[in-house]
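Colleague: Hi! I'm new to this one, could you walk me through it?

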Amino acid sequence: MVKQIEHKYLFRIIEYDLIYREGIIRSAQRAFGNSMDSYWAVRYLDKCNKTFIAVFDNKVVGAVMIGYIKLHDSLHAEIGYIFVDPDYRHMGIGSALLSKAIEFLKENGIKAVWALTSPRNIATRFLFKKFGFKEFANPRELKEILRSKDIGKLLYRMVYWRGDVILYLPLIK
Ligand SMILES: CC(C)(COP(=O)(O)OP(=O)(O)OC[C@H]1O[C@@H](n2cnc3c(N)ncnc32)[C@H](O)[C@@H]1OP(=O)(O)O)[C@@H](O)C(=O)NCCC(=O)NCCS
């Protein structure tokens with residue numbers, strides 16, 4: 001059964017179920033256009049640990065996908081993908097998806113959540129900053145948080161490209 005989380009606006013954030021797969025594929029294609037991200041987002045959907053979707057008028061209009069990353073002494077997570085159909089942006093859907101993801105990760109005792117984005121992706125950087133994520137421009141800066149082995153594993157799992165902005169939100173002190 002699909003667990004529903006009612007939202008005060010006209011959209012709902014719900015847990016992913018296979019019946020929404022085609023809808024997610026369509027909304028990823030609309031969100032990322034011709035970029036390879038629409039392909040990689042669908043690949044990620046099949047291997048990630050948790051996905052929440054935004055539904056507006058019975059139509060999938062966005063999604064957030066979460067993957068766990070086991071580091072030496074604790075479980076971390078990444079937001080592998082978050083996207084909203086261009087026709088439904090600036091309505092708070094991206095915020096509602098990210099908020100649901102953070103709530104889920106806190107409930108599950110995850111130590112910290114990470115994400116990567118391009119420095120040019122202003123909308124994504126604004127969205128994550130709004131939720132208190134800290135930005136790192138260089139992996140060397142992570143030394144204040146993680147051991148070097150863990151930095152390597154984290155960046156490998158997140159498929160870090162030189163120049164990416166690294167976003168970080170601790171969930172447990
Ligand atoms: C990033 C994205 C998910 C935001 O979705 P959204 O539904 O428009 O987000 P919200 O309406 O909740 O807005 C969140 C905040 O980001 C800011 N924001 C959104 N779009 C913005 C833009 N183009 N420029 C600057 N700030 C922006 C808003 O100020 C908003 O804060 P506010 O509520 O205080 O006004 C959406 O732009 C998107 O799908 N982008 C393409 C996919 C992508 O690049 N995903 C990230 C990598 S996987």
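Modeller: Happy to. First a term: helices (H or I, at least four residues) and strands (E, at least two) are DSSP runs, numbered from the N terminus. The model is a predicted one, where local features need pLDDT of at least 70 and side-chain atom pairs count only at pLDDT 80 or more, while totals for chains, interfaces and linings use all residues. Residues are numbered from 1 along each chain as its sequence is written.

Colleague: Great. Which elements each supply at least two residues of the shell around the ligand?

Modeller: Those are β5 (75–84), α3 (93–107) and α4 (122–130). Helix α4 gives the most, with six residues.

Colleague: And which residues come nearest to the ligand?

Modeller: Arg89, Gly94, Ser95, Ala123 and Phe126, out of the 20 residues around the ligand. A residue counts as near a molecule or strand if its C-beta atom, placed from the backbone, lies within 6 Å of it.

Colleague: What classes are in that shell?

Modeller: There are 11 nonpolar, seven polar and two charged residues in the shell around the ligand. Here Ala, Val, Leu, Ile, Met, Phe, Trp, Tyr, Cys and Pro count as nonpolar, Asp, Glu, Lys and Arg as charged, and the others, Gly among them, as polar.

Colleague: Let's look at α4, then. Is Leu127 buried or exposed?

Modeller: Leu127, found in helix α4, is buried because 20 other C-beta atoms lie within 10 Å. The rule is 20 or more other C-beta atoms within 10 Å of its own for buried, 12 or fewer for exposed, and partly exposed in between, with C-beta atoms placed from the backbone.

Colleague: What does Leu127 touch?

Modeller: Not counting residues up to four places away in sequence, Leu127 touches Gly94, Ser95 and Leu98. A contact needs the two C-beta atoms, placed from the backbone, to lie within 7 Å. The C-alpha atoms of Leu127 and Gly94 are separated by 7.4 Å, though these residues are 33 apart along the chain.

Colleague: How about Val84, which residues does it touch?

Modeller: Val84 sits in strand β5 and, leaving out residues up to four places away in sequence, touches Ala31, Ala54, Val61, Gly62, Arg89, Ile93 and Gly94. Val84 counts as buried because it has 27 C-beta neighbours inside 10 Å.

Colleague: Switching topic: how many residues are in the largest nonpolar core?

Modeller: That core has 45 residues, and those with the most contacts inside it are Ile53, Ala54, Val64, Leu97 and Ala101. By nonpolar core I mean a set of buried Ala, Val, Leu, Ile, Met, Phe, Trp, Tyr and Cys residues joined through C-beta atoms within 7 Å. Beyond its neighbours within four places in sequence, Val64 has contacts that include Ile79, Leu97 and Ala101.

Colleague: Which residues of α1 meet α2?

Modeller: Ile24, Ile25, Ala28, Gln29 and Phe32 in α1 do, and their partners in α2 are Asp37, Ser38, Ala41, Val42 and Leu45.

Colleague: Last one: what is the phi of Asn58?

Modeller: Positive, about 65°, although Asn58 is not a glycine. Most residues other than glycine have a negative phi. Asn58 lies in the loop between β3 (50–56) and β4 (59–70), and Asn58 counts as exposed because it has 7 C-beta neighbours inside 10 Å.

Colleague: And where is Val159?

Modeller: Val159 is in the loop between α5 (148–157) and β8 (165–170). Val159 also has a positive phi, about 55°, without being a glycine.
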